[in-house]
Amino acid sequence: MLRSLFFAAAGSARLERLVESAPVSRGVVRRFVAGGSAEEAIRASRELADDGLAISLDHLGEETETAEQAHAVRDEYVGLLARLHDAGLTPPAEVSVKLSALGQRLDEKIAYENARAICVAAAEAGTTVTLDAEDHSTTDATLETLLELRKDFPDTGAVLQAYLRRTEGDCRELAVAGSRVRLCKGAYAEPESVAFQSALDVDKSYVRCLNILMAGEGYPMVATHDPRLIAIAEDRARWFDRSTGEYEFQLLYGVRPEEQARLAAGGHTVRVYLPYGEQWYGYLMRRLAERPANVAFFVKAVSSR
Ligand code: FDA
């Protein structure tokens, strides 16, 4: 119920204007977002790197409406990659991009060209790009773009969402040598026809997908905060004889930082997904939909003013 409320809120432009203008929102948002500018994102990346963590930076924004906006997003990433390189942060930093921010809904070719320009900049900087997964209506187009990009940039990463019924099949296709696959549960409101609805079914699907990725020849990126799934991933990595450099854990900035430190101290590669930018509303609403404790944090911050 609460979950669907936040998904509905995520689509409301009126509420977005209201929440973004409230001074308290900015304080709350700082827990999950590095800041508004590339400079702040680089500062936060440096702090994470100093703690032995890898990073995937995401410039917030989705559903771009014009080609000009899409090109501006591309330019932001290209500039960010050059700055990360100059700051000596590539590695451990890479970038995550949403094809909808690069113009996917306007024209798939525009999104592909923009993503390609970001891949060129990433290669020049000595790092990689991962294509975020968005709602299920974009999955085919995103995976097609991934396959095109991988012809010239084989280390371009994919994201697969365990809640989608199709994902086991996608894992099989992508569990090949050189392929990097981030497995997450999935963060959008999806219909029963395409997605498992109960938490248990999503978790079971996550484990089936994890088995396929760990057994395969690619590089699994285990993106979850769920302690049970993290323990299962550690177990499956041992079972399939993978050393700690042959897979990684990924968690969101501001979520379970103590677990991020624990995994890194245990010798694991841990990558923190670090969003920055002014368009944080949709991202924040998805984090609130995920976890009642995040809502309590939000309400507490609002009522304490
Ligand atoms: P879930 O939210 O079910 O939480 C399971 C358990 O984890 C909780 O019961 C609790 O024990 C623990 N937990 C979770 N949050 C906690 C907190 N704040 N404090 C303490 N414990 C907590 N989605 C998508 O659709 N497309 C994408 O491209 C991505 N990309 C992505 C990258 C990375 C690096 C991550 C980690 C996640 C994504 N996601 C995503 C989001 C993902 O799909 C999912 O919505 C969230 O990760 C939440 O799911 P969990 O697996 O953490 O489990």
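The chain forms a closed barrel of eight strands in the order β1-β2-β3-β4-β5-β6-β7-β8, with parallel pairing. Neighbouring strands of this sheet are turned by 30 degrees against each other on average, ignoring direction. Strands are said to pair if DSSP finds at least two bridges between them. The structure is a predicted model; local features require pLDDT of at least 70 and side-chain atom pairs pLDDT 80 or more, while totals for chains, interfaces and linings use all residues. Residue numbers start from 1 along each chain as its sequence is written.

The protein chain holds 13 helices and eight strands. Both are DSSP runs numbered from the N terminus: helices are H or I with at least four residues, strands are E with at least two. Of the 305 residues, 41% count as buried, meaning that 20 or more other C-beta atoms, placed from the backbone, lie within 10 Å of the residue's own. Among contacts with a separation of 6 or more, 72% link residues 24 or more positions apart. A contact requires C-beta atoms, placed from the backbone, within 7 Å.

Strand β3 (residues 129-131) runs parallel to β4 and is joined to it by two bridges. Here T130 stands opposite G157 of β4. Helix α8 (residues 167-174) lies across β4 and β5 (180-184), at about 155 degrees to β4. Such angles run from 0 to 180 degrees between N-to-C directions, with axes fitted to C-alpha atoms, for helices over the stretch in contact.

The ligand is surrounded by 22 residues, the closest being D132, A187, T224, H225 and Q250. The largest share, three residues, comes from β7. By class, the shell has eleven nonpolar, five polar and six charged residues. Nonpolar covers Ala, Val, Leu, Ile, Met, Phe, Trp, Tyr, Cys and Pro; charged covers Asp, Glu, Lys and Arg; the others, Gly among them, are polar.

The domain assignment gives domain 1 (1-32 + 280-305) and domain 2 (35-279). These bounds come from an automatic or database assignment. Ten residues of domain 1 are in contact with ten of domain 2. On the domain 1 side, α1 (2-10) and α12 (281-290) each supply at least two residues. Helix α12 gives the largest share, five residues. This side comprises five nonpolar, two polar and three charged residues.

Note on methods. Near = placed C-beta within 6 Å. Contact = placed C-beta atoms within 7 Å. Buried ≥ 20, exposed ≤ 12 C-beta atoms within 10 Å, placed from the backbone.
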